[in-house]
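Please read them with the structure open beside you.

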Amino acid sequence: MTRTPAPAPAQTPPKVGIVSLGCPKALVDSERILTRLRAEGYSISSTYDGADVVLVNTCGFLDSARDESLEAIGEAIAENGKVIVTGCLGAEAGLIREKYPQVLAVTGPHQYEQVVEAVHGVAPPLSHPFFDLVPEQGIRLTPRHYAYLKISEGCNHRCSFCIIPSMRGDLASRPVADVLREAEKLAKAGVKEILVISQDTSAYGLDLRHAECKWRGRPVKARMTELCEALGELGVWVRLHYVYPYPHVDEVIPLMAERKILPYLDIPFQHASPTVLKAMRRPANQEKVLDRIRNWRTITPDLTLRSTFIVGFPGETEADFQLLLDWLTEAQIDRLGAFKYENVTGAAANELPGHVPEKVKEERWHRLMAHQQAISNARMAAKIGSTIEVLIDEVDDEGAFGRSWADAPEIDGCVYLNGETDVAEGDVVRVRVAHADNYDVWGEVVRD
Ligand code: SF4
């Protein structure tokens, strides 16, 4: 009698938990790390107690974000005990080790190899990982229908309030063929919206001297305009974030008019007063920028501009602040985020003279928000009666909501379709706008 050998007992894959803090760029880092670990046979745990090791991907941009990161590390240690720290705050290993000596490893931003090695050390991978467990487009932490596409790391600017260049280094762009291949895989996997991110999207490829790569049988330059043209061929929404106001940004506006990419630009202007911008070490000719914005809107009238501003920067006078309000009246920014200046450990701005008292910062912040509210109200009211394209984000028994071209996920508004249940997540539908407040709109699907 022959006997069939008993199958070897199935190995249980080690489990990794992750706490991902910070901006979409950090989220993309987390996705890359998880993609790599999944490829090696690890499984992902959604709870602390189910994990063999917990990764905490930290943010260290503002002091408040550093505090939140340190708190998250403390929680992971208390709940699980086996903790590896990575991300922006990882650049300050001494600080982390001093507060939490039990942390198993600390790695800096985008040190994927080191993070993976540290995980191997704590929870070794299975000897025969099943590589085909990983979808071709990688592991994503975003819903299936949209994804962030990181095109570069680091930044060549030295804004005086920012420590990103010291944490993440100078600009390091990904080769254009890599970026486009990733975007193609995303589109093939059903992603309907690609959000292009970096520290400085308009500088893309400068460090590569705009090196060409072959894509779809033709050469494409590593340069923002050429990248946008190529992404525009994929048949999905393409949204640009973190664009620095270089003159060549003008080149992508016609692509928006032709609907190759979304008519949406996220440009953190930060201020309008030449004196403050100079102290920030940013381009200081906002009059010229106003002319450019007018020109952009002539070419693409429905262009949505998102921006962020800092109030109470050291040395900001009442006249500087008033100049900012006047500039906003002219610029008609659609979506605005405002922050009260705060010191960031290691930033040059900490040493500037003329720090503004907290009470004044607070008062200016409220004035700025009230000023912008009037602008937003008018711009949103102008949408009533128009028909817009909407990407559906969620549907339940009571209706659906999604976003238009003017709305980036998480940071902008929504389009609400009360009572609409005949759509699915990821659908793109046409909606007639019936009502708007200064942030969101409500409407009905147009079926013809
Ligand atoms: S451009 Fe952005 S990332 Fe670069 S230094 Fe300035 S604020 Fe920091």
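1. I begin with Leu 95, which is found in helix H3, residues 93-99; helices (H or I, at least four residues) and strands (E, at least two) are DSSP runs, numbered from the N terminus. Leu 95 is partly exposed, with a relative accessible area of 32%, where buried means under 20% relative accessible area, exposed over 50% and partly exposed in between, with a 1.4 Å probe and protein chains only. Not counting residues up to four places away in sequence, Leu 95 touches Arg 66, Leu 70 and Leu 89, a contact being heavy atoms within 4.5 Å. The C-alpha atoms of Leu 95 and Ile 384, 289 residues apart along the chain, are separated by 52 Å.

2. Some remarks on the basis of these values. This is a predicted model, in which local features need pLDDT of at least 70 and side-chain atom pairs count only at pLDDT 80 or more, whereas totals for chains, interfaces and linings use all residues. Residues are numbered from 1 along each chain as its sequence is written, and side-chain values use heavy atoms, with hydrogens and water left out.

3. An open sheet of 5 strands has the order E2-E1-E3-E4-E5, with parallel pairing, where two strands pair if DSSP finds at least two bridges between them. Strand E2 (43-45) and strand E5 (105-106) stand at the edges, each with a single partner strand, so one side of each is left without a neighbour in the sheet. Within this order, strand E3 (residues 53-58) and strand E4 (residues 83-87) pair in the parallel sense over 5 bridges, and Leu 55 stands opposite Ile 84 in E4.

4. Strand E6 (residues 146-150) is mostly covered, since 5 of its 5 residues are buried. In a regular strand the side chains alternate between the two faces of the sheet. In E6, Tyr 146, Tyr 148 and Lys 150 point one way, while Ala 147 and Leu 149 point the other way, and all are buried; the reader may wish to look at Lys 150 in this buried group. Strand E6 is joined to strand E9 (residues 193-197) by 5 bridges, and the two run parallel, with Val 196 in E9 as the bridge partner of Leu 149.

5. Two backbone angles deserve a look. Phi of Arg 216 is near 50°, a positive value in a residue other than glycine; Arg 216 lies in the loop between strand E10 (212-215) and strand E11 (218-221), and at 47% relative accessibility it counts as partly exposed. Phi of Tyr 242 is near 55°, again a positive value in a residue other than glycine, and Tyr 242 is found in the loop between strand E12 (237-240) and helix H8 (253-257).

6. Which side chains make polar contacts with the side chain of Asp 412? Asp 412 lies in the loop between strand E17 (399-404) and strand E18 (415-418) and is buried, with a relative accessible area of 6%. Its side chain makes a polar contact with the side chain of Tyr 264 at 2.5 Å and another with the side chain of Arg 306 at 2.7 Å; a polar contact is a pair of N or O atoms within 3.5 Å, and within protein one must be able to donate a hydrogen and the other to accept it, while residues adjacent in sequence count only if both atoms are side-chain atoms.

7. Arg 306 has its place in strand E14 (residues 304-311) and, at 9% relative accessibility, counts as buried. A polar atom of the Arg 306 side chain also lies 3.0 Å from the backbone oxygen of Ile 411. Among the residues that Arg 306 touches are Tyr 264, Arg 335 and Asp 412.

8. Strand E18 is joined to strand E20 (residues 441-445) by 2 bridges, and these strands run parallel, with Tyr 416 opposite Trp 442 in E20. Strand E19 (residues 428-436) and E20 run antiparallel, joined by 5 bridges, and they form a hairpin with 4 residues between them.
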